[in-house]
Amino acid sequence: MEWDDIVYLLLLFSSIGFGKYFRNIEDKNIKRNVASLVGSVIILIASGYHFWHPLIFILANAIIIKCLSKKIIHKVSFAFSFAYLFFFRNTILFGIPYPPAHLNLIQMIMTLKLIGLAFELHDTNKGLKEERKDAEFEAMKIPEPSFSDIVHYSLCYVGVLTGPYFSYRMYLDMLNTPFGKYVNCWDQTIERVKLIPLYVVIFLALNKYFPFDYALTDEFYNERSLGFRLWYVLPLFGQFKTRMYIGMRLSEAVFTMSGLGAYPAETTPLPGKGPSKDHQLLEIIANDEEKAKNTKYSYRGIHNIEPYGAEFDYTVRQAMKSWNMTVQYWLAAYVYKRFPYKAYRVFATFIVSAVWHGMYAGYYCCICSVPLYLPIEDIYYKNLKDIKVSPPVSWIWFMVVYWWRMFLMGYWGITFRLLTLSACFKYWSSVYFIPTLITLVMLAVSFVIFPKPKRTDRPAQDKKIK
């Protein structure tokens, strides 16, 4: 294990343990200050003298949010934040050493938070002008943050290292409501970490017997068969997933121990969004200690990974919904739903996701392959899902579809780790782009077996008589 990974794990475990004490701080100002102090220490340890990156980033966004018109702050913050990500990842072009890898993770989640804050404030201002009085708006609107409020939100130790993403509204609720005080944090934490030993064993076994570095060797390309090169993406994809499961589950545990993201279960919290219904209950329960003590709570608002769905859903679309769920909410809320050209919303969303992940061509090869495939999968799913077949045929069909999905995502996923365009092309060409060709055949066949219904003329009685 590399030293960076050891530091990363130590910071995560320390954050989880600290949550027991943090959650019991009564004074909200002290709680806010402590969260920021601990977050600053984590950033300093992870970044060293590169600490100036997040400081400049926070300062610039605070100026944007405080000084510009509420009508444009979300657009300006979005443009600046992604421009800074480009600079952050290409500092060598400006004669500045590259920052540490873990600071990249911090910068990524901070980008989502500060852009999200700008959107929240923009939406609040818009709702107030429209005189919205509905319960959802009342629960989701935010007060005008001060300069220090923006800094404290950015530096809060909960999620500062790897997320999950949480909104400014969630941050305020952590400080101003008693939900975190009464939620059963231990049970929630154990629920998230209980399978981590299994993930560790699987990861170590796959890493030992199917090392990623082997996919970079001449032996892999020159002496191994086509079938082996195609198959090898499956254990590599398993490595990648189990590593992410470990990190994301530990990251969620930081939240469950701190109390941030706890909401009454009756409000049906959703990942990234928080409460989705019965918003009026938030204030009622928060102001009634007896109700607060006896309420059932949920951390679904910060739920970021669903390993069962990621492993066993048999379509790409469904499996994707179980992955990085709070970031998917952010992309849906602030990119997909607001992109002005509806026909290009999906592709624009995946492009933003790829840019957010990094500058390597492999990220684009992987992430931007998905929106090209989803319409084809949808055609087959829509036309075949209601067909009734015998149980044996159904089982065989499920296995074929399931392993095709796993194989296809592994084929994309290997480029996420190969990074460079030359390495990606070398692997894909070594397997003759077979998965891509099969996908194109699927598209061609769909036009034959699922022809679009012909348009029929409207009934004569409905036609306009001239």
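1. Is Lys-70 buried or exposed in this predicted model? Lys-70 counts as buried, because its relative accessibility is 17% and the cut-off for burial is under 20%.

2. Lys-70 is a partner of Glu-144 in a salt bridge, with 3.6 Å between the closest N and O atoms. This pair links distant parts of the chain: Lys-70 lies in the loop between H3 and helix H4 (73-88), Glu-144 in the loop between H6 and H7, and the two are 74 residues apart. Glu-144 itself counts as partly exposed, its relative accessibility being 43%.

3. Glu-144 also forms a salt bridge with Lys-66, where the closest N and O atoms are 3.4 Å apart. Lys-66 belongs to helix H3 (residues 52-67), whereas Glu-144 sits in the loop between helix H6 (135-140) and helix H7 (147-155), so this contact ties together parts that are 78 residues apart in sequence. Lys-66 has a relative accessibility of 32% and therefore counts as partly exposed.

4. A further salt bridge pairs Asp-173 with Arg-169, at 3.1 Å between the closest N and O atoms. Both residues lie in helix H8 (residues 168-176); because they are four residues apart, about one helical turn separates them. Asp-173 and Arg-169 are both buried. Elsewhere, salt bridges with shared partners join Lys-66, Lys-70 and Glu-144 into one network. The count of salt bridges in the model comes to 16.

5. The surface carries a nonpolar patch formed by Val-441, Val-445, Phe-447, Val-448 and Ile-449, with about 480 Å² of accessible area together. One of these residues, Val-445, is found in helix H25 (residues 434-449). Val-445 is partly exposed, since its relative accessible area is 34%, and patch membership requires over 30%.

6. The unreviewed UniProt entry annotates "transmembrane region" over residues 6-22, 34-52, 72-89, 150-172, 346-374, 394-419 and 431-450. Two of these spans may be set side by side. Residues 6-22 are 100% helix and 0% strand, with the end C-alpha atoms 24 Å apart. Residues 346-374 are 83% helix and 0% strand, and the end C-alpha atoms of that span lie 10 Å apart.

Conventions:
Residues are numbered from 1 along each chain as its sequence is written. This is a predicted model: local features need pLDDT of at least 70, side-chain atom pairs count only at pLDDT 80 or more; totals for chains, interfaces and linings use all residues. Side-chain values use heavy atoms; hydrogens and water are left out. Patches are made of residues with over 30% relative accessible area and no salt bridge: like charges are joined within 9 Å, nonpolar side chains (Val, Leu, Ile, Met, Phe, Trp, Tyr) within 5 Å. Accessible areas come from the Shrake-Rupley method with a 1.4 Å probe; for residues, only the protein chains shown count as cover. A salt bridge is a side-chain nitrogen of Lys or Arg within 4 Å of a carboxyl oxygen of Asp or Glu. Buried means under 20% relative accessible area, exposed over 50%, partly exposed in between (1.4 Å probe, protein chains only). UniProt positions are given in the numbering used here, feature names are shortened, and annotations may be inferred rather than shown by experiment.
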